[in-house]
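Here is a briefing on a ligand site and the pockets of one protein. Please have the sequence and the model open as you read.

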Amino acid sequence: MTPHLNAEAGAYAEAVLLPGDPLRAKWIAETFLTDAIQVNSVRNCLGFTGTYKGQQVSVQATGMGQPSLGIYTHELITAYGVKTLIRVGTCGALNAKINVRDIVIATAASTDSSIPTQGMAPFHYAPTGDFGLARRAAEIAEDRRLPWHAGPILSSDVFYRPEGLDAFKPMIDHGVLAVEMEAATLYTLAARHGVRAIGVCGVSDSLITGEEIDADARATTLNDLADMCLTLAVTG
Ligand code: HPA
């Protein structure tokens with residue numbers, strides 16, 4: 001038990017999928033896992049453990065944003081011994097070559113959050129995804145002929161920006177592919193504790209074109225993404 005997780009000791013598998021949304025965690029567990037049991041109920045930030053292709057896997061919601069993700073990630077690693085953390089989320093494209101429904105494997109995550117910089121002065125730490133997990137994620141996407149990209153993303157604390165797309169110009173000009181709100185802190189905490197993490201995101205909207213995914217495409221993309229990330233969890 002931790003302040004934010006009421007799961008029993010040993011209730012989580014070594015590999016955990018991390019969606020932001022508790023209902024997505026429930027949907028992944030109910031749709032893909034065999035013998036899934038709910039292991040966490042605190043704040044309705046649902047967590048489940050079950051079996052996928054014969055191996056134990058967990059799914060734990062993190063809520064939105066880096067402070068929330070940081071709490072769950074810290075407790076999963078330090079109290080439950082989790083070794084592989086796979087963020088399964090959505091992101092907004094910041095590059096014209098990236099379409100809604102594509103999948104972005106986040107090799108690195110820049111951020112405006114102070115969390116990855118705290119305690120690092122005078123340095124600017126570069127939060128980086130695990131190379132082995134990124135490579136395996138790309139292999140799985142390639143085998144399944146899913147449209148994928150691998151590269152740097154932005155984990156932003158601010159969803160609604162008065163300046164709109166202009167706010168992202170320095171990031172776009174430095175090759176950042178997409179924006180979400182969690183990966184940079186996930187990578188920082190994983191590195192701090194010597195465990196592995198990767199963020200794999202479905203593109204839900206494009207900040208370049210204004211296009212947004214429709215409900216049918218969202219369901220298909222989430223299905224492909226969840227199945228891909230579970231395969232990564234058991235083979236990565
Ligand atoms: N901004 C931040 N996070 C996101 C977005 C976005 O446009 N789309 C999906 N997650």
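The model is predicted. The ligand takes up the space of the largest pocket.

**Ligand contacts**
- The residues around the ligand are Thr90, Cys91, Gly92, Phe159, Val179, Glu180, Met181, Ser204, Asp205 and Leu207.
- A ligand nitrogen lies 2.8 Å from an N or O atom in the side chain of Asp205.
- A nitrogen atom of the ligand is 3.3 Å from a polar backbone atom of Gly92.
- By class, this shell holds 5 nonpolar, 3 polar and 2 charged residues.
- Strand E5 gives the shell its largest share, 3 residues.

**Largest pocket**
- Its volume is about 710 Å³.
- The lining has 27 residues, and the closest to the pocket centre are Thr90, Phe159, Met181, Ser204 and Asp205.
- E5, E8 and E9 each supply at least two lining residues.
- E5 gives the most to this lining, with 6 residues.
- The lining divides into 11 nonpolar, 8 polar and 8 charged residues.

**Second largest pocket**
- This pocket has a volume of about 150 Å³.
- Residues lining it include Ala108, Ser110, His124, Tyr125 and Pro152.
- Strand E6 (residues 103-111) gives the most to the lining, with 4 residues.
- The lining has 7 nonpolar, 5 polar and no charged residues.

Technical notes:
Residues numbered from 1 in each chain as written. Predicted model: local features only at pLDDT ≥ 70, side-chain atom pairs only at ≥ 80, totals over all residues. Heavy atoms only, no water. Near = heavy atom within 4 Å. Polar contact = N/O pair within 3.5 Å; in protein donor to acceptor, adjacent residues only side chain to side chain. 1 Å grid on protein atoms, 1.4 Å probe; cavity = no way out; pocket = protein on both sides within 12 Å on 5 of 7 lines; lining within 4 Å. Sits in = over half its atoms within 2 Å of the grid points. Nonpolar A, V, L, I, M, F, W, Y, C, P; charged D, E, K, R; others polar. Points joined across faces, edges and corners; volume = space filled by probe spheres on them.
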